[in-house]
Amino acid sequence: MKQPPQKKDGPPVASSIAASERIGVDRSVEKERKKDLPPPRKQFDDESRGGRAKRRSVLNQPEARNRVELFRHLPPHKNGTQLPSLESKFFELHEKHPAVYKVGLQYLAGDLSGGNARCIAMLQAFQEAIRDYSTPPEKTLTRDLTSKIGGFVSFLIECRPLSMSMGNAIRFLKSRIARLPLTLSESEAKTTLCSDIDRFINEKIVLADKVILRHAATKIRDGDVLLTYGSSCVVEMILLYAHELGKQFRVVVVDSHPMLEGQKLLRRLVVKGLSCTYTQLNAISYVMHKVTRVFLGASSIFSNGTVYSTVGTASVAMVAHAFRVPVLVCCEAYKFHERVQLDSICFNELGDPDAISKVPGRVDVNYLDNLTDKQKENLELLNLKYDATPSDYISVIVTDYGMIPPTSVPVIVREYRKEYLLI
Amino acid sequence: MWWRSASFILDRQQHQNRTVAPSPESFLLSSPPPMADSPLNPKSNISAYYQTRAAHHAVVTTDWLAQAQAAVGRHSDDDGSLGGDKGAARIGGGGGGEEEGSGKAFSVIDEFNSWRKQPALAEAVAAIRALAAVIRTSGAATMMELEIELKKASDSLKSWDTTSISLTAGCDLFMLYVTRTSALEYEDFNSAKSRLIERAEKFGEISCKARRIIAMLSQDFFFDGCTILVHGFSRVVLEVLKTAAENKKHFRVLCTEGRPDRTGLRFSNELAKLDVPVKLLIDSAVAYTMDEVDVVLFGADGVVESGGIINMMGTFQIALVAHSMNKPVYVAAESYKFARHYPLDQKDMSPARRPIDFGVPIPSKVEVETSARDYTPPQYLTLLFTDLGVLTPSVISDELIQLYL
């Protein structure tokens, strides 16, 4: 029943984007291009994918049944049933540093969510691991540490696929390690790396958020009705900051199953005294006519201006566009990525399929509980975590470099990517 | 004020209960008093920038003269400053300058005003000349001190007229140049100072050259026998059309009347001098004549980060009509007009008002929309002709990032 994953000829690198453009190109030109292009990502169903990773995997995940055909290239969701057994393994000897192990388990359990939180937790765990690290004899610090970090990263990927922010942070860390001058002693190198990580977190996340707050608050006027979707830490900070400045506005929090992240945001806003309205995604076109601004967060923004964010964001942006309401996406610049993505299918993350077959707290509508096993074979459940919003629906992106139109994302990537990789 | 749903009444009730708003009248009259009540209301509502433009380019009307007379009478005891009058009468909106005196004999505001009154000079150039005058008369002994003085002068200029985008942009550009120059510490102070002054002088030439470059670049976009629609009085657009006429291109121009400044009348005057066939339209006739139009050409008061433009009221309307009828819309603007604003909608800019004279008395209960400018989003613009080249609207942000960051 398993069909061969690749349906086109050419080098055996399956449905990645870079491969499709190489077909029909000269061999020599191809070789040139192969050097320049970053190696294409191996998709989950690619047979040539390293068996090494499988052998080293800590989590033994059985192949989930009934996965949707179109999304077979994405790794299946790791549910939390393994959690107790993994927690008991915490003090056993294995090459994962306990801090990294702990962060991985937090990802698996879903305790840590949100691009910034995950990135900061991961970097702080790496800091601890670097502090406790000592170079084995006969090995250089840079190479050994890089491979160790690589090991940590593959463990974290198994727990939960990396977000773009984490990917950029890891690239930063690896380039810093590679650029360490060879004359440094081990302790000096370790302190340099730790302070670099601190500076990254401080400049790219903490201070960047402060700058974004100032810019975004200028776009909130008295009497505004602001809509936000899900729970983004930057948007929450903006709303609280504007409230502290004394602006009078109302907030509409839009939420969706199964994550119901908006409820957490709602609680935090109401506690501070903002007047809020709460609704679900299906009511979006009903409330949109009273909304004056839409504030959204993003997990990443690609080079063609596409915003990659929590699933449902695209719907909110499109409805806002239809009602001619300006959409402001607030995102730090370290989350920008050179990749270009045209749809939400080729790269995404799968969530727990069983979560969408139940409505919590409502026994009467859980119709799917009574299906027999034979009937369940016909049902495929799909729970996507992210979606891609095309740039036409975004009015402005608020970053720490100011307010830019979506077409200027590659400019920021071009001008400043070199800068932060080299600092 | 007017919400989009029927619950606005409830909303306003809640709002009024929350704030201590003393509005005894009924709901419909709780708006700010209409502009027709207070024509001479300096500093709070009237945009000095648009007043000046009206003075330069519009037809002189009787009530403008009356305002000018009144203004001259009020400000005759102004502090004697270097800037002084250059023979032209002050307009009511320009009276805010005296507040900035603060004991100094030299006031940058007055200097700026005097430069600005010359019709051929662009706003940004006037600002930079005023700042150059600050450098000349400053008593600073180090670069740091000079920078601080300049920053103060530039801030006071910007806050004096918040509605003029090219003024803000010109000040920012000059300050950027100053801070970059002051980073070169190895020079002695006097030569650095003279270099700054020289640069400021050169800026004036750059501005004239900019207009010529734009005129040259835009020639390819007009073919023989084309019909061009223009709106507002832009010196750059005039230069473009002059150059086209000199190159013996055959074209004709449709000119909108441009209420309330009647810029169209003045513009058509200028074009008639060049022997270019001109046809005047009232503002409402734009959609009617859009079929005959091949190209729409605007100037810009400011070009914003999104790639859109801020220009005289009516520009957005014409751009919308042209876009829906698939006519190309071109904008001719110098690069110093690029500003780091990002309006999200029409009301997102600081308001720039100018009193409108309808010629007949209006009852006081009637509100008048007195905004002098509107914002045209980038999707309605085809190309921008600038001295940096012919650009698409999305490149503006690229240029701004390279310039300012």
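1. The model is predicted: local features need pLDDT of at least 70 and side-chain atom pairs count only at pLDDT 80 or more, while totals for chains, interfaces and linings use all residues. Residues are numbered from 1 along each chain as its sequence is written, chains are lettered from A and ligands numbered from 1 in the order in which they are written, and side-chain values use heavy atoms, without hydrogens and water.

2. E270(B) is buried, because its relative accessible area is 18% (buried is under 20%, exposed over 50%, partly exposed in between; 1.4 Å probe, protein chains only). Apart from neighbours within four places in sequence, E270(B) contacts F233(B) and L238(B) (heavy atoms within 4.5 Å).

3. V360(B) sits in the loop between β7 (329-332) and β8 (373-376) of chain B. With a relative accessibility of 54%, V360(B) counts as exposed.

4. At the interface, 22 residues of chain B are in contact with 28 residues of chain A. Five salt bridges are found across the interface of chain B and chain A (a side-chain nitrogen of Lys or Arg within 4 Å of a carboxyl oxygen of Asp or Glu). R293(A) forms a salt bridge with D345(B), with 3.2 Å between the closest N and O atoms.

5. On the side of chain B that touches chain A, α1 (8-18) and α13 (395-404) of chain B each supply at least two residues. The most comes from α13(B), with four residues.
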